[in-house]
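Hi everyone, thanks for making time this morning. I'd like to walk you through one structure, so let's get it up on the screen.

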Amino acid sequence: MAITRVAVVGAGTMGHGIAQVAAAAGYRVTLIDATRDLAEAGVARVAVNLDGAIARGKLEPAQKDVILERIAVADDIARGAAGAQLVIEAVPEKMELKAAILRTLDQSVDAAAILASNTSSLSITALQRATVQPGRVIGLHFFNPVHINRLVEVVRGEDTQTAVVEASLAFVRAAGKEPVVVRDAPGFATSRLGVLLGLEAMRMLEQGVASAEDIDKAMELGYRHPMGPLRLTDLVGLDVRLDIARYLHAELASDAFKPPAILERMVAEGRLGRKTGHGFYTWTDGEGA
């Protein structure tokens, strides 16, 4: 089945970005959330991203309207996803929530449609168990910010069909991204490595080894990371990183993934990073200092 229509469930940090890159690639997109106001807020964030691209000379002003015209909004999963050949859920990193959405989609969309999860660490095989047709379920792990980061981790569960992998790879490449294919394992490849680095950076900060700024600078200049692990944690969200760390700690039975006390405390205090304005950095108008 050729993919011409895409539905994205969840219009937040990841969902609006996925909708943007799909629409920019020429796909018709429906952005779905619990209310139309939330879905429309996601489209508004797409518009802001596009304005930034125009300001940087990366996009012609006329293209903005074309891209936005390709994005519709909906507040009902079954109705919003109807007719889509690819549906990507991008809701919070909670197994029960993601499984419930995939179960609803499995019962309501075309039998040939691909169901993808944007999870960064949860088991695709476990999510497949929530459906009657597990072979069409795959992981498509986009990276934040979606409209800038080129990587997409394509995660093959135990039952994922080869045709689904191939169609997903074609979509990822059409969206201007570079895919890597990995086997379903706790944390896949990127989260397992990235979270480990971030947690160790937090322990170093706890121990007074260096400031957050200097820890990040060391990785940016010494290892050519585009962004240090603590600034990246602020961008992803400390609450998201905590959930992933707890999951990997339980699944891998390794203390290397045990959440540091500083992470637990900051999340309890509501210091979640860029989205709250305070994390390891203070964020003003999207810039951390």
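**A walk through the model**

Let's begin with a helix pair: Ala212, Ile215, Asp216 and Met219 in α9 meet Pro229, Leu230 and Arg231 in α10. Sorted by class, that contact of α9 with α10 has five nonpolar, no polar and two charged residues. Before I go on, please keep in mind that this is a predicted model.

How do the two helices lie against each other? The axes of α9 (residues 212-222) and α10 (residues 229-236) come within 7 Å and cross at roughly 105°. Angles of 65 to 115 degrees count as roughly perpendicular, so α9 is roughly perpendicular to α10.

Nine of its 10 residues are buried, so α1 is largely enclosed by the rest of the structure. The buried ones are Gly15, His16, Gly17, Ile18, Ala19, Gln20, Val21, Ala22 and Ala23. Just after α1 comes Gly26, which takes a positive phi of about 105°.

Next, strand β6, residues 137-142. Six of the six residues in β6 are buried, so this strand, too, is largely enclosed by the rest of the structure. In a regular strand the side chains alternate between the two faces of the sheet. Here, Val137, Gly139 and His141 point one way, while Ile138, Leu140 and Phe142 point the other, and all are buried.

Which strands does β6 pair with? Strand β5 (residues 114-117) runs parallel to β6 and is joined to it by three bridges; there, Leu115 has Val137 as its bridge partner. Strand β7 (residues 151-156) runs antiparallel to β6, with four bridges between them, and Leu140 stands opposite Val154 in β7.

Apart from neighbours within four places in sequence, Leu140 is in contact with a list of residues including Leu86, Ile88, Ala116, Val152, Val154, Phe171 and Val172.

That brings us to the nonpolar cores. The largest has 41 residues, and Leu140 is among those with the most contacts inside it, along with Val6, Val29, Leu86, Ile88, Phe142 and Phe171. Which helix gives the most to this core? That is helix α2 (residues 36-55), with six residues. There is also a second, separate core of 22 residues, which includes Ile32, Val109, Ile124 and Ala130.

Technical notes: Residues numbered from 1 in each chain as written. Predicted model: local features only at pLDDT ≥ 70, side-chain atom pairs only at ≥ 80, totals over all residues. Heavy atoms only, no water. Buried < 20%, exposed > 50% of the residue type's maximum accessible area, 1.4 Å probe, protein only. Pairing = 2+ DSSP bridges. Axes fitted to C-alpha atoms, helices over the stretch in contact; angles between N-to-C directions. Parallel < 35°, antiparallel > 145°, perpendicular 65-115°, else oblique. Contact = heavy atoms within 4.5 Å. Nonpolar A, V, L, I, M, F, W, Y, C, P; charged D, E, K, R; others polar. Core = buried A, V, L, I, M, F, W, Y, C linked by side-chain atoms within 4.5 Å.
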